[in-house]
Amino acid sequence: MTVLVPLKYRKRIPPIHYEDKHAALLFQALDAEFALHQSRIEDMRDQFFIHKATWGLAVWEKLFGLPIGVGTYEERRLKVFEKYYARLPFTPSVLLALANHVSQLKNAQVEEVFDQKIIRFIFQLEDAVDVTHLYKTFMKMRRVHVHGFSIATNADETIEIDERITCNLCRYHTVEEFQVGMTPLKYEDEVTLA
């Protein structure tokens, strides 16, 4: 006696159909359709999360007012994350989430240095950190009472940065404050991290 119908379907059909070739083909086709349906559900679910979105990035970019479809998936995700964090409140938990976002090991720490009016991000020495993305996002969400940030490690060793990073920050006049004869640019800062 050869059983052609998979065991998971045998509970629901009469025993006479266990060896029926047509029933076996029907259940094989059902399995393929269920697998396809499940993969489509997972793909659609991934579009709700910025770090997994692919074809849904256009919706995220439109939501945050970014140019749609410019760059690779990773570049587009970074731009969406910058806008996302800039809208969040400036709280320790949000800063910790930002630090863990730019970190590979995801175990960063954040502390505020009150006398210097800066935020200190503390990473492990072995950690790979996207400093450029951290700087751009932090400067967009930074409040007036905070002068900047510093990066420290848990170890006693020092980190030497060989690259020079230059960021241009531009602020434009809002519609309410814009008047005839004004340039659209309010001010522009160029910061070089050496």
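## Close-up views of a predicted model

**View 1. Helix H2 and its cover.** Helix H1 (7–10) is among the elements that cover the buried residues of H2. Contact here means heavy atoms within 4.5 Å. Helices (H or I, at least four residues) and strands (E, at least two) are DSSP runs, numbered from the N terminus. The model is predicted: local features need pLDDT of at least 70, side-chain atom pairs count only at pLDDT 80 or more, and totals for chains, interfaces and linings use all residues. Residues are numbered from 1 along each chain as its sequence is written, and side-chain values use heavy atoms, with hydrogens and water left out. Which residues of H2 are buried? They are Ala23, Ala24, Phe27 and Asp46. Buried means under 20% relative accessible area, exposed over 50%, and partly exposed in between (1.4 Å probe, protein chains only).

View 2. Helix H2 has 26 residues (residues 21–46). At 1.5 Å a residue, H2 should span 38 Å, and its end C-alpha atoms are 38 Å apart, which agrees. The expected span is 1.5 Å times one less than the number of residues. At the start of H2, a side-chain oxygen of aspartate 20 comes within 3.3 Å of the backbone nitrogen of histidine 22.

**View 3. Aspartate 43.** Aspartate 43 sits in helix H2. Its relative accessible area is 32%, so aspartate 43 is partly exposed. Leaving out residues up to four places away in sequence, aspartate 43 touches Thr54 and Trp55. The C-alpha atoms of aspartate 43 and alanine 128 are separated by 29 Å. Along the chain, these two residues are 85 residues apart.

**View 4. The open sheet.** Three strands line up in the order S1-S2-S3, with mixed pairing. Strands S1 (109–113) and S3 (148–153) stand at the edges; each has a single partner strand, so one side of each lacks a neighbour in the sheet. The twist averages 25° from one strand to the next. Two strands pair if DSSP finds at least two bridges between them. Strand S2 (residues 118–123) and S3 run parallel, joined by six bridges. Isoleucine 118 stands opposite glycine 148 in S3.

**View 5. Helices on the sheet.** Helix H5 (residues 92–102) lies across S1 and S2, at about 40° to S2. Helix H6 (residues 131–141) packs on the sheet and touches S2 and S3. The direction of H6 makes about 150° with that of S3. Axes are lines fitted to C-alpha atoms, for helices over the stretch in contact; angles run from 0 to 180 degrees between N-to-C directions.

Terms used. A polar contact is a pair of N or O atoms within 3.5 Å; within protein, one must be able to donate a hydrogen and the other to accept it, and residues adjacent in sequence count only if both atoms are side-chain atoms.
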